[in-house]
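Please look through the sequence and the model shown here, and keep them in view while reading the briefing that follows.

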Amino acid sequence: MGDFLPADWLMRDPAGHDARWIAGHLVVYRRRLVAMMGLPPLSDAWDTAFQRGTTPDGVPADLDGLQIVRAFHEAHA
C-alpha cells in the first residue's frame, strides 16, 4: 500500500469497503490483540471509525491512508 495514490485508498470492493477502511479495521483489531497480550494499549482518536458495524462513510475525510499503514506497523513492533 506504500505506493497507493489518494484515489486508490477510496476504491471500493464489491462489499463496499475501501482500502482505507479495511486497513483501519485491521489496525483496530491488531491493537486489541496487543492489549490482550498484556502490552501497553495503542490507540488513536480515529479508532472508533473502524469498529464493528462501521462503514467507510464514517472514516474522517482527512485521515490519510499512510497514517493507517504506520499504525498497522506500530501494532506489530
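Tryptophan 46, leaving aside its neighbours within four places in sequence, is in contact with Val27, Arg31, Pro60, Leu63, Gln67, Ile68 and Ala71, where contact means heavy atoms within 4.5 Å. The model is a predicted one, in which local features need pLDDT of at least 70 and side-chain atom pairs count only at pLDDT 80 or more, while totals for chains, interfaces and linings use all residues. Residues are numbered from 1 along each chain as its sequence is written, and side-chain values use heavy atoms, with hydrogens and water left out.

**The nonpolar core**

- The largest nonpolar core has 14 residues, and Trp9, Val27, Trp46, Phe50, Val59, Leu63 and Ile68 are the ones that touch the most other members.
- At least two residues of this core come from each of α2 and α3, and the largest share, five residues, is supplied by α2.
- Such a core is a set of buried Ala, Val, Leu, Ile, Met, Phe, Trp, Tyr and Cys residues joined through side-chain atoms within 4.5 Å.
- In soluble globular proteins, nonpolar side chains tend to be buried together.

**Two aspartates in one loop**

- Aspartate 47 is found in the loop between α2 (19-36) and α3 (65-75), and with a relative accessible area of 10% it is buried; buried means under 20% relative accessible area, exposed over 50%, and partly exposed in between, with a 1.4 Å probe and protein chains only.
- Apart from neighbours within four places in sequence, aspartate 47 is in contact with Val28, Arg31 and Leu42.
- Aspartate 57 also lies in the loop between α2 and α3, but this residue is exposed, having a relative accessible area of 62%.
- Between aspartate 57 and histidine 17 there are 40 residues in sequence, yet their C-alpha atoms are 9.2 Å apart in space.

**The whole protein**

- The protein has three helices and zero strands, and helices (H or I, at least four residues) and strands (E, at least two) are DSSP runs numbered from the N terminus.
- The radius of gyration, taken over C-alpha atoms, is 12 Å, close to the 11 Å that the globule rule gives for 77 residues, so the protein is as compact as a globular protein of that length; the globule rule is 2.2 Å times the number of residues to the power 0.38.
- Buried residues make up 31% of the 77 residues.
- Of the contacts with a separation of 6 or more, 51% are between residues 24 or more positions apart.
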